Amino acid sequence: VQLQASGGGLVQVGDSLRLSCAVSGLAFNNYAIGWFRQDPGRDHEWVGAISSSFTTSYANSVKGRFTISRDNAKNTVYLEMNSLKPEDTADYYCAARRGSFGRFRNDYNYWGQGTQVTVSS
């Protein structure tokens with residue numbers, strides 16, 4: 001199983017960025033994908049997730065600014081981030097679990113490597 005997150009970069013406050021999570025090695029249609037982020041020295045923070053049935057949920061800190069979508073034909077999940085703030089700076093990770101999404105790190109079975117997002121003021 002492999003999850004490959006990409007799309008991070010250095011942006012300015014108020015900018016937008018789209019992260020991708022390409023998944024292989026599992027029955028993608030049956031899995032929920034979650035996004036987490038981690039700032040150095042802090043625990044993983046749940047950002048949001050999309051279930052296998054396309055239901056989404058978001059952390060309050062990103063609700064209304066971030067949107068998660070999935071393309072089952074491409075085995076890829078997207079995290080569209082708008083109105084970025086300096087506090088969104090972190091390494092962003094995607095993770096997979098079967099069926100419905102979870103909000104905690106231990107809910108997920110498979111993890112990808114992080115992609116770094118830096119929001120400069």
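**Figure 1. Surface and overall dimensions of the protein.** The protein exposes about 6,000 Å², and carbon and sulfur atoms supply 42% of this area. The model shown is a predicted one. Along the principal axes, the C-alpha atoms fill a box of roughly 40 × 30 × 25 Å. The radius of gyration is 13 Å, which agrees with the value near 14 Å that a compact globule of 121 residues would have. Buried residues account for 42% of the 121 residues. The side chains include 12 positive and 10 negative ones, and the centres of these two sets lie 8 Å apart.

**Figure 2. Strands of the protein.** The protein contains eleven strands and zero helices. Read from the N terminus, the order of elements is β-β-β-β-β-β-β-β-β-β-β. Contacts between residues at least 6 apart in sequence were also examined: 57% of them join residues at least 24 apart.

**Figure 3. The disulfide between Cys21 and Cys94.** A disulfide is a covalent bond between the sulfur atoms of two cysteines. The count for this protein is one disulfide. Cys21 is joined to Cys94, with an S to S distance of 2.2 Å; a pair counts as a disulfide when its sulfur atoms are within 2.5 Å. The link of Cys21 and Cys94 is right-handed, with 75° about the S-S bond. This pair links distant parts of the chain, 73 residues apart: Cys21 belongs to strand S3 (residues 17–24), and Cys94 belongs to strand S9 (residues 90–98). Both Cys21 and Cys94 are buried.

Figure 4. Ser20 is part of strand S3. The relative accessible area of Ser20 is 16%, so this residue is buried, the cut-off being under 20%. Leaving aside residues up to four places away in sequence, Ser20 touches Gln4, Ala5, Ser6, Trp35, Thr76, Val77 and Tyr78.

**Figure 5. Phe28 in the loop between S3 and S4.** Phe28 is found in the loop between S3 and strand S4 (31–38). Is Phe28 buried or exposed? With 2% relative accessibility, Phe28 counts as buried. Phe28 and Pro40 are twelve residues apart along the chain, and 30 Å separates their C-alpha atoms.

**Figure 6. Phe54 in the loop between S5 and S6.** Most residues other than glycine have a negative phi. Phe54, a residue other than glycine, has a positive phi, near 75°. The loop that holds Phe54 runs between strand S5 (45–50) and strand S6 (56–58). Phe54 has 44% relative accessibility and therefore counts as partly exposed.

**Figure 7. Asn75 in the loop between S7 and S8.** Asn75 lies between strand S7 (66–71) and strand S8 (76–81), in the loop that joins the two. The phi of Asn75 is near 50°, again a positive value in a residue other than glycine. With 25% relative accessibility, Asn75 counts as partly exposed.

Note on methods:
Residues are numbered from 1 along each chain as its sequence is written. This is a predicted model: local features need pLDDT of at least 70, side-chain atom pairs count only at pLDDT 80 or more; totals for chains, interfaces and linings use all residues. Side-chain values use heavy atoms; hydrogens and water are left out. Helices (H or I, at least four residues) and strands (E, at least two) are DSSP runs, numbered from the N terminus. Buried means under 20% relative accessible area, exposed over 50%, partly exposed in between (1.4 Å probe, protein chains only). The radius of gyration is taken over C-alpha atoms; the globule rule is 2.2 Å times the number of residues to the power 0.38. Contact means heavy atoms within 4.5 Å. Accessible areas come from the Shrake-Rupley method with a 1.4 Å probe; for residues, only the protein chains shown count as cover. Lys and Arg count as positive and Asp and Glu as negative; His and the chain ends are not counted. The place of a charge is taken as NZ of Lys, CZ of Arg, CG of Asp or CD of Glu.
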